[in-house]
Amino acid sequence: MSEKLIPTAHIELEDSSMIAKTVIMPGDPLRAKFIADTFLTDVTQINSVRGMLGYTGNYNSKKISVMGSGMGMPSIGIYSYELFSFYDVDNIIRVGSAGAYTKDLDLYDIVIVSDAYSESTFGEVVLGEKCSNLKSDVSLNKALINSANELNIKYNFDTIHSSDVFYRKNYEDYIKINKEYGCTCVEMESFALFANAKVTGKKAACILTISDNLVTHAATTSEERQKAFLNMMKIALNAKI
């Protein structure tokens, strides 16, 4: 483990007391701003390096931070590792969008991630052992499920696919991945987040909203993805951690 240096190369915050122990982490930094503006009070901006916006505020008298991760495993790998290792963050809950691998998932359906399958070597490099499946934290999942039930929001609890590639040569790969590994949807970050949580001894979870469906070809707009995924935000913020 590296010696602690604050601020880090990617986060300008100089005092770890200004960030909460639990961080809600969307991929899009503008979604982080939207969450802060919509749900938090007494908000302080804590990061703007490379446009990766981060904020700390209060939600129902609970201190909480929200910060973008960027797209893909390398990006969330950097930010989540620095938060876990250098800023004393204990829990990171990713909130993101996903593409469905099954017609049983409709637009805006919620998926709480039980575990993530990936072909990526990210886990092997970080953990020093070959792995293709990493689990989210049991206690965080319980808190998210309890929160969803309290809010009367329906959810799925599924295995998902974390992909290194957005534009595939063979889009029919999803059929095989769905059948062989039980993945109901795809995104690009959770596997790296779970690997960093494991190597640092911290906790991570992920809650997703279906933004498009590879089977039915239904899709949402970029504005809807930024602002309309309110249910997963409410579940994450309401979770008692």
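Let's begin with what lines the largest pocket: 12 nonpolar, 9 polar and 9 charged residues. Here Ala, Val, Leu, Ile, Met, Phe, Trp, Tyr, Cys and Pro count as nonpolar, Asp, Glu, Lys and Arg as charged, and the others, Gly among them, as polar. Before going further, a word on the ground rules: this is a predicted model, where local features need pLDDT of at least 70 and side-chain atom pairs count only at pLDDT 80 or more, while totals for chains, interfaces and linings use all residues. Numbering runs from 1 along each chain as its sequence is written, and side-chain values use heavy atoms, with hydrogens and water left out.

Back to the pocket, then. The largest one holds about 810 Å³ of space. A pocket is found on a 1 Å grid over the protein atoms alone, as an open set of points where a 1.4 Å probe fits, with protein on both sides within 12 Å along at least five of seven lines; lining residues have an atom within 4 Å of a point. Grid points are joined across faces, edges and corners, and the volume is the space filled by probe spheres set on the points. Of the 30 lining residues, S97, F166, M188, S211 and D212 are the closest to the centre. Which elements give two or more residues to the lining? They are β5 (91-100), α5 (173-181), β9 (183-187), β10 (203-213) and α7 (222-227), and β5 gives the most, with 5 residues. Helices (H or I, at least four residues) and strands (E, at least two) are DSSP runs, numbered from the N terminus.

Now look at strand β3 (residues 54-59). Because 5 of its 6 residues are buried, β3 is largely enclosed by the rest of the structure. Buried means under 20% relative accessible area, exposed over 50%, and partly exposed in between (1.4 Å probe, protein chains only). β3 runs antiparallel to β2 (residues 41-47), joined by 4 bridges, and antiparallel to β4 (residues 62-67), joined by 6 bridges. Two strands pair if DSSP finds at least two bridges between them. On the β4 side, N58 is partnered with K63.

The two hairpins are worth a look too. The one made by β2 and β3 has 6 residues between the strands, and R50 takes a positive phi near 55° there. In the hairpin of β3 and β4, with 2 residues between the strands, N60 has a positive phi near 50°.

Next, find A32 in helix α1 (residues 29-39). With 0% relative accessibility, A32 counts as buried. Leaving aside residues up to four places away in sequence, A32 touches P26, L53, Y55, V66, M67 and G68, where contact means heavy atoms within 4.5 Å. I19 sits 13 residues from A32 along the chain, and their C-alpha atoms are separated by 14 Å.

On to the aromatic rings. The structure holds 4 aromatic pairs. Rings of Phe, Tyr and Trp (its six-membered ring) pair if their centres lie within 6.5 Å; planes under 30 degrees apart count as stacked, over 60 as edge-to-face and the rest as tilted. Y81 and F86 make an edge-to-face pair, 6.1 Å centre to centre with 75° between the planes. Y81 is partly exposed at 23% relative accessible area, whereas F86 is buried at 11%. Y101 and Y174 form a tilted pair, 5.5 Å centre to centre with 35° between the planes. Y101 lies in the loop between β5 and β6 (110-117) and Y174 in helix α5, so this pair ties together parts that are 73 residues apart in sequence. Y101 is buried at 5% relative accessibility, and Y174 is buried at 12%.

Finally, two more backbone angles. Most residues other than glycine have a negative phi. D88 has a positive phi near 60°; you'll find D88 in the loop between α2 (73-86) and β5, partly exposed at 27%. Y108 has a positive phi near 75° and sits in the loop between β5 and β6, partly exposed at 35% relative accessibility.
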